[in-house]
Amino acid sequence: NGNKTIWDIDENALKLCKFNYELNKQRDYNLVCKNSLENFEGSESTYSYSTMNPPFGSNTVITDSKILEKFELGRGKKKQEIGVLFLELGLKLLKNDGILFIIVPAGYVGNGNKVCSEMRDLILKNRLIASISLPENTFKRSGTGVNTYLLIIQKKTIPQTEPYNIFISGVNNIGYNLTKKDTP
């Protein structure tokens, strides 16, 4: 319920989104074609919910210093993975106590490298509600075989100090067989 704002850099994705909303008789939405990592100022602390499925894979590193300097996890660096910046952007866009739903590569959850550790530190400054592993090759038909997680994070302006429960689970069935050639 309520107004929806959809940002995408791909005009065709927005056309499909508009078609979907019209089919479902949705009225309260605003579609904007833009590079949200480059142009989000003025929208910080605006939304109650943010849903993101950032691109990831071998060619998804940002090296543009103008973009990197807008992010805590990019500032002072020569490059940063786009998914890490999208996670931070999702939190920036939320009001306090707002909820971020984001798909991330499995490596972000388990890798011990500095990039992933810094990203997890940012998550823990807020409140991780859930970490849900999706089936292998969930997005294979979209061109990536990367294993993924759905993270659900609540924005907190005051870091959590008390222990709390985190829902951790795995999805075994997404409603279709990923190994069949005719799977959409």
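This is a predicted model: local features need pLDDT of at least 70, side-chain atom pairs count only at pLDDT 80 or more; totals for chains, interfaces and linings use all residues.
**Entry: largest pocket**

I next looked up the lining of the largest pocket. Of its 33 residues, those closest to the centre are Ile 6, Trp 7, Asp 8, Thr 51 and Met 52. Strand S1 (4-8), helix H1 (11-23), S3 and H3 are the elements that give two or more residues to this lining. I noted that S3 contributes the largest share, six residues. Sorted by class, the lining of the largest pocket comprises 18 nonpolar, ten polar and five charged residues.

**Entry: second largest pocket**

For the second largest pocket I found about 240 Å³ of space. I listed its lining residues, among them Glu 44, Glu 72, Glu 88, Lys 92, Lys 125, Lys 155 and Lys 156. By class, I recorded two nonpolar, two polar and seven charged residues in this lining. H3 gives the most to the lining of the second largest pocket, namely three residues.

**Entry: nonpolar core**

I then turned to the largest nonpolar core, which has 29 residues. The members that touch the most other members are Leu 37, Leu 87, Leu 89, Leu 100, Ile 102, Leu 151 and Ile 153. At least two residues each come from helix H2 (65-68), helix H3 (82-93), strand S6 (94-105), helix H5 (114-124) and strand S8 (148-154). H3 supplies the largest share of this core, eight residues.

I looked up Leu 151 individually. Neighbours within four places in sequence aside, Leu 151 is in contact with residues including Leu 87, Leu 100, Ile 102, Val 104, Val 109, Ile 123 and Leu 128. Ala 130 and Ser 131 are also among the contacts of Leu 151.

**Entry: Ser 36**

Is Ser 36 buried or exposed? I read a relative accessibility of 9%, so Ser 36 counts as buried. I located Ser 36 in the loop between strand S2 (29-33) and strand S3 (47-52). Apart from neighbours within four places in sequence, Ser 36 is in contact with Trp 7, Phe 86 and Leu 89.

**Entry: cysteines**

How many disulfides does the structure hold? I found zero. Cys 17 is in no disulfide, and the nearest cysteine sulfur, that of Cys 33, is 12 Å away.

How values were computed. Residues are numbered from 1 along each chain as its sequence is written. Side-chain values use heavy atoms; hydrogens and water are left out. Helices (H or I, at least four residues) and strands (E, at least two) are DSSP runs, numbered from the N terminus. Buried means under 20% relative accessible area, exposed over 50%, partly exposed in between (1.4 Å probe, protein chains only). Contact means heavy atoms within 4.5 Å. A nonpolar core is a set of buried Ala, Val, Leu, Ile, Met, Phe, Trp, Tyr and Cys residues joined through side-chain atoms within 4.5 Å. A disulfide is a pair of cysteine sulfur atoms within 2.5 Å. On a 1 Å grid over the protein atoms alone, a cavity is a set of points where a 1.4 Å probe fits but cannot get out, and a pocket is an open set with protein on both sides within 12 Å along at least five of seven lines; lining residues have an atom within 4 Å of a point. Ala, Val, Leu, Ile, Met, Phe, Trp, Tyr, Cys and Pro count as nonpolar, Asp, Glu, Lys and Arg as charged, and the others, Gly among them, as polar. Grid points are joined across faces, edges and corners, and a volume is the space filled by probe spheres set on the points.
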